[in-house]
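Here are my notes on this one, for you to read alongside the model.

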Amino acid sequence: MSDDGADAADETDETDAAPPTDRHYAEWLDALADGDGFALVCPEGHGSLPPRRVCPECGAADLSREPLDETGTVATYSVVHVPSPRFADDAPYATAVADFGPTRLTGIVRDGGADDEAPEVEIGDTIAVDVGERATDGERLVVFRPAGGR
Amino acid sequence: MTEVRVAGVGLTPFGRHPERTGRDLFGEAALRAFEDAAVDRADVEELNYGNFMGALAEHQGHQAPLMAEAAGVRCPATRYESACASAGVAVREAVRTVAAGDADVVLAGGMERMTNLPTDEVTEGLAIAADDLYEVRAGVTFPGAYALMANAYFDAYGGSREDLAHIASKNHENALPNEYAQYRREVSVAEAMDAPPVAEPLHLYDACPITDGASALVLVSEEYAAEHDLDASVAVTGTGQGTDRMALGDREHLARTPAADDAADAAYADAGVEAADVDVAEVHDCFTIAEVLALESLGLFEPGEGISAAREGLTTADGDLPVNLSGGLKAKGHPVGATGGSQIAELTRLLRGDHPNSEHVPEAEVGVAHNAGGTVASAVVHVLEVAG
């Protein structure tokens, strides 16, 4: 259950630099960075991301943490040339929505090389998920890396 | 249930008015609406006002009482916020209030002031209409979100940037005679194709501009219109609203907009009309691809067929189904909190015959307005008809 994670985080609140509203997100990013990425999955098999009290598809309150698939498939993408201020030094960058089993993630595609050029990406590409940093201000964000194959 | 009539409509010119306050803009739109309606301000029983980012742009919350002052009305006043569908929901609640017999006269509309902020701050402000944790922090801008939908559409159904350029060109041409439009200049397909990229595949002319402006409508009951001998020949006969998951990535469809499907179904059922009855439409073309998605949700085109409608001349001013004769958000401008009201104002003028583009729809009896919030996590649809 996601609530268990919330209770555990309460105890470490004073040492957690993230604002309270970001606690679950920060915890989820920590897990992604450790290679333990997860989704909250309901008994019907609908996947979603924290914070979540109930399944947004069916309202079920019985959510379990299930590991994300190792790789995902690009469902759509765009190369952004005009960024928001928080991404001023990152543009141009490729942002993508990718299916990881029953859960969709949104992130920036990076190929592991120089980050100043958006890599080629196509719908159907296989990618892996990681945590990276924004060039603009060092904030963490979801990063997809090509995992080969289509 | 009583029939809801549009007694009067008022707009400010849409464009850059960075030196004018929101209260000044809405005051002007309301003044024009009252002049058009010939309704006594003292009879107004409620003000429903739409605004999205006024707290950021003007450091002004609690705008509804301020706008009641600006309009010269003294009645319960409420601000509605639903991103770019803010005025749409404000009008919808006004329609429901009058239809239910809870009021005879309601003032509805909206205002947005945007050009007083630097472009990057407007981009940031608009982005808050998306899911902050899982979209905005992953680099999704507002154009970026629609670009994700555009590529998903191309992948699912086909279509090209050139199809989208035809939509931009069409809407710019429609704006030429519209005295309220921000961009009254032609944009050729070639010019749109050559414009710099914003979020691929969307380029500069695929996007609506940053706009200041306000809209106001005086809605009255059929009985009030009769008692006061008002010239109120257009009725709002149907209203519908839909909601989808906030984040694009959490939706079942990346190339369709189910919230607008639901809104359209409800509005058509409320009015007792079908998509085939629609003669003219004003749809939420904040980006060219958004017009395509709107036409398909409204049932005016099958999924996959909306993309070529402008190129084939079906939705042009002289086509079978003219779409965005006002110029649309694309050329008329998109003051986000005012847009939903402005669409109804333009449709009313088109159906009454006093719009500069009314000549293209002389026999039109049924119009539909489609107003979307965010990446269509919210949608409001209204059906307007010439009253029998």
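1. Ground rules before the strands: two strands count as paired if DSSP finds at least two bridges between them. Helices (H or I, at least four residues) and strands (E, at least two) are DSSP runs, numbered from the N terminus. This is a predicted model, where local features need pLDDT of at least 70 and side-chain atom pairs count only at pLDDT 80 or more, while totals for chains, interfaces and linings use all residues. Residues are numbered from 1 along each chain as its sequence is written, chains are lettered from A and ligands numbered from 1 in the order in which they are written, and side-chain values use heavy atoms, with hydrogens and water left out.

2. Take strand β5 of chain A (residues 93–100). On one side, β4(A) (residues 71–80) runs antiparallel to β5(A), with seven bridges joining them; A:Thr73 has A:Asp99 as its bridge partner. β5(A) also pairs with β6(A) (residues 103–109), again antiparallel and over seven bridges, and there A:Ala98 sits opposite A:Leu105.

3. β5(A) and β6(A) make a hairpin with two residues between them, and A:Gly101 in the turn has a positive phi of about 60°. As for burial (buried is under 20% relative accessible area, exposed over 50%, partly exposed in between; 1.4 Å probe, protein chains only), seven of the eight residues of β5(A) are buried.

4. Now the charges. A salt bridge here is a side-chain nitrogen of Lys or Arg within 4 Å of a carboxyl oxygen of Asp or Glu, and the count over all chains is 27. In helix α1 of chain B (residues 22–37), B:Glu28 and B:Arg32 lie four residues apart, about one turn, and their side chains meet at 2.7 Å, N to O. B:Glu28 is buried at 17%, whereas B:Arg32 is partly exposed at 31%.

5. What about B:Asp244 and B:Arg251? Their side chains meet in a salt bridge at 3.6 Å, N to O; B:Asp244 is buried at 18% and B:Arg251 is buried at 3%. Elsewhere, salt bridges with shared partners link A:Arg86, B:Glu124, B:Asp132 and B:Arg137 into one network.
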